[in-house]
Amino acid sequence: MATEIYRDAWGIPHLRAGSAAELAHAQGLVTARDRAWQLEVERHRAQGTSASFLGESALAWDRFARRARLDDTARRCFTDLEGRDPETAKWVRAYVEGVNGQLAAGADAAPEFARTGLAPGSWHPWTPLGVWLATHILFAGFPAKLWREQVAAHLGADAIGLFATDGPGTSGSNGWLVSGERTVTGQAVIAGDPHRWIEDPGVYQQIHLSCPEFDVVGLAVPGIPGIAHFGHTGTVAWAITNAMADYQDLYRERLRRTGAGVEALGPDGVWRRAARHTEVVEVAGEEPVEVEVIETARGPVVIGGPEGLDGDPSDPADPSGTPVAISLRHPPRVTGDLGFGALLPLLRARRVADVDRAFDRWAEPVNVVQAADTEGGVLHRVAGRVPLRAEANRLRLVPAWEPGHEWRGWHETPRAGLTDGVAVMANQRGPAEPLGVEFAPPHRHDRIAALLAGKERWSAADMPAIHTDTHLASASALLDHLRALEGVLTPEASALRDRLLAWNRRMDADSADAALYSAVRGAVVRRLAAHPVFAALAAPPAYPEVFRPWLALLPRVGFALEHLLRAGELYGIDRPAAVRAAVEEVAARPPAGVWGDTHRLAPWRALEPETPFDEPGLSGDHDCVLCTSGVPGLTDRAARGPAARYVWDLARREDSRWVVPLGASGVPGSPHHRDQLPLWLAGELVPVVTDWALLTKETDV
């Protein structure tokens with residue numbers, strides 16, 4: 001049969017072909033038409049060549065990508081895939097051929113190419129694997145180990161737990177499964193929303209893929225064939241959340257230069273040759289930059305080298321005075337497997353057991369999977385590869401030259417059941433607890449579970465009310481401190497205190513009380529962060545720029561405020577005095593408007609538009625179910641939030657719903673570039689269309 005491309009009213013592509021490979025070709029083709037700029041940005045990120053057209057601002061990432069050997073790892077993994085799973089390798093090649101076939105045409109429609117002078121390049125067969133790796137290499141937040149090292153060095157190991165939260169750079173999600181015994185139809189419903197950086201174009205692509213073998217709707221990652229994270233085949237549906245597992249290790253290395261190159265000291269006391277070469281990074285408008293790439297038996301050196309950090313031979317946190325060189329060990333670099341062998345089996349799944357077997361092939365990121373089928377089957381499990389190793393590896397940096405820090409195989413992935421017909425995951429301690437170190441506070445999980453417990457029977461149409469719940473349970477810690485200030489405040493501050501204690505704790509965009517709460521919270525965060533006891537943490541080591549979000553003190557205090565306010569003692573800091581001063585500060589200069597005036601959408605773009613968008617105000621906050629994250633104490637602008645919302649109905653797939661923050665097209669000015677934004681803001685969803693008679697045919701391929 002001919003390959004056909006259809007569109008629905010929202011410009012979402014619906015593709016039909018005669019085989020899985022032809023369908024992959026069409027998916028690559030239509031993605032290049034809709035998202036050419038995005039695809040090229042991601043390809044360059046994976047290769048470490050972004051600075052060649054974006055300039056010096058992208059150099060820090062390019063250095064990291066080169067030193068971490070992302071492109072080389074993608075090549076290795078594709079070579080392994082060709083030998084182990086030639087059908088999937090051929091399928092990936094077909095997708096790449098589709099991308100290459102339409103990339104030039106897509107670039108002609110995307111103004112960013114002309115603005116930067118970028119010519120569309122050529123995708124290699126391993127490029128989708130590189131895009132996947134570059135997207136997820138920081139997903140598990142291994143730089144948090146650098147932060148823990150600093151905290152332990154300056155405040156002691158006991159202080160690490162005070163800052164343990166779903167912190168900077170970590171992506172999360174809400175996800176819940178309601179089994180048929182708790183729905184009005186007798187069939188399961190799965191719903192949720194992945195929390196990521198809100199990007200323009202969006203990180204998820206709504207798509208419908210149909211061939212004689214399967215017919216699947218779901219949320220694809222642009223640049224990756226198939227539907228990995230969220231899909232519905234008609235008889236089975238699945239969704240994932242971040243398991244918050246720890247599966248990447250950082251090793252302190254002892255390196256020395258010799259006449260032949262660089263050597264690294266191993267745990268057996270033997271110096272061994274490390275792989276070493278140099279690469280040149282082109283920088284638009286600047287001189288090229290040379291990057292030294294070193295890899296030991298543990299992994300690529302991503303920080304420092306034989307001479308330490310930028311010529312400074314020692315890290316203040318390392319009492320030994322050894323020049324800083326830190327290597328990264330992560331599963332794909334060790335195994336040559338990125339888990340792409342799961343993608344075709346997911347599309348072909350008919351029952352929960354098929355989804356389960358497919359996720360046995362999953363590698364990274366490590367996720368919690370929820371699935372249900374029309375025969376009443378349900379699945380709640382962890383998927384991914386987590387190494388078995390010493391507990392110290394999980395927490396902080398470990399010395400490469402000492403024995404006992406090697407990997408010793410892989411963890412069994414935990415499984416869990418349902419409670420009263422429901423499973424809820426929101427990055428809290430759950431089935432993945434044995435695999436992780438830091439998890440999200442329980443507030444989102446507890447709120448979703450409580451809402452679901454409030455009604456015996458649920459429908460797909462009920463789910464948006466949960467998606468958009470704005471109750472902020474984590475406000476209690478600060479409000480408890482406010483309550484204790486009775487009688488010690490000025491009249492203006494006392495009135496502010498009373499108003500906040502009467503507040504309904506909902507972070508609604510039109511709420512003046514939410515704005516007042518945020519202002520007080522921010523003032524408390526700034527005062528705590530400025531205390532002399534934290535001074536050493538305010539100036540982190542000169543690690544590469546890409547790691548700075550994990551090392552910045554103010555965000556760490558902001559996201560850990562609940563712990564810091566509730567700790568039995570905080571290094572002699574007078575917390576009541578800090579809260580009192582913050583309330584007086586805000587009472588003297590209160591915010592004039594409502595929460596949405598400052599809590600506004602701030603999408604990430606590789607290139608800012610020539611005419612900036614007037615981005616809307618948002619409801620929600622970091623610990624709300626409607627998780628729209630600013631950085632308390634620094635900015636209310638929300639760069640993270642629901643990168644998509646979905647409701648999968650197993651009774652009738654046509655009753656499923658989905659939405660993304662902007663739209664199906666990545667081309668500014670397209671009618672489908674931002675047409676879903678009003679719905680996303682209102683908590684409404686777009687119908688999932690599966691009837692071809694209701695679609696508009698765009699073209700035959």
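The side chain of Asp-200 makes a polar contact with the side chain of Arg-605, at 2.9 Å in this predicted model. Asp-200 sits in the loop between β4 (189-197) and β5. Is Asp-200 buried or exposed? Its relative accessibility is 10%, so Asp-200 counts as buried. Beyond its neighbours within four places in sequence, Asp-200 is in contact with Pro-603, Trp-604, Arg-605, Phe-613, Leu-662 and His-673.

**The sheet**

Nine strands make up an open sheet. Their order is β17-β16-β8-β7-β6-β5-β2-β1-β25, and the pairing is mixed. The edges are β17 (378-383) and β25 (696-700), each of which pairs on one side only. On average, neighbouring strands are turned by 20° against each other, direction ignored. Strands pair through backbone hydrogen bonds, either parallel or antiparallel.

Strand β7 (residues 230-232) runs antiparallel to strand β8 (residues 236-242), and two bridges join them. His-232 stands opposite Ala-237 in β8.

The table lists two of them.

| Helix | Strands it lies across | Angle |
|---|---|---|
| α1 | β1 (4-7), β2 (13-16), β5 (205-211), β6 (214-220), β25 | about 155° to β5 |
| α11 (residues 352-359) | β8, β16 (367-373), β17 | about 5° to β17 |

**Nonpolar cores**

The largest nonpolar core holds 189 residues. Which residues touch the most other members? They are Phe-64, Phe-163 and Phe-547. Helix α1 (residues 20-47) gives the largest share of this core, 12 residues. A second, separate core has 10 residues, among them Tyr-247, Val-368, Met-425 and Ala-432. In soluble globular proteins, nonpolar side chains tend to be buried together.

**Cysteines**

How many disulfides does the model contain? The count comes to zero. A disulfide here requires two cysteine sulfur atoms within 2.5 Å. The closest cysteine sulfur to that of Cys-627 is in Cys-624, 7.9 Å away, so the two are too far apart for a bond. Cys-627 is at 2% relative accessibility and therefore counts as buried. Cys-77 is buried too, with a relative accessible area of 1%.

Definitions and conventions: Residues are numbered from 1 along each chain as its sequence is written. This is a predicted model: local features need pLDDT of at least 70, side-chain atom pairs count only at pLDDT 80 or more; totals for chains, interfaces and linings use all residues. Side-chain values use heavy atoms; hydrogens and water are left out. A nonpolar core is a set of buried Ala, Val, Leu, Ile, Met, Phe, Trp, Tyr and Cys residues joined through side-chain atoms within 4.5 Å. Buried means under 20% relative accessible area, exposed over 50%, partly exposed in between (1.4 Å probe, protein chains only). Helices (H or I, at least four residues) and strands (E, at least two) are DSSP runs, numbered from the N terminus. Two strands pair if DSSP finds at least two bridges between them. Axes are lines fitted to C-alpha atoms, for helices over the stretch in contact, and angles run from 0 to 180 degrees between N-to-C directions. Contact means heavy atoms within 4.5 Å. A polar contact is a pair of N or O atoms within 3.5 Å; within protein, one must be able to donate a hydrogen and the other to accept it, and residues adjacent in sequence count only if both atoms are side-chain atoms.
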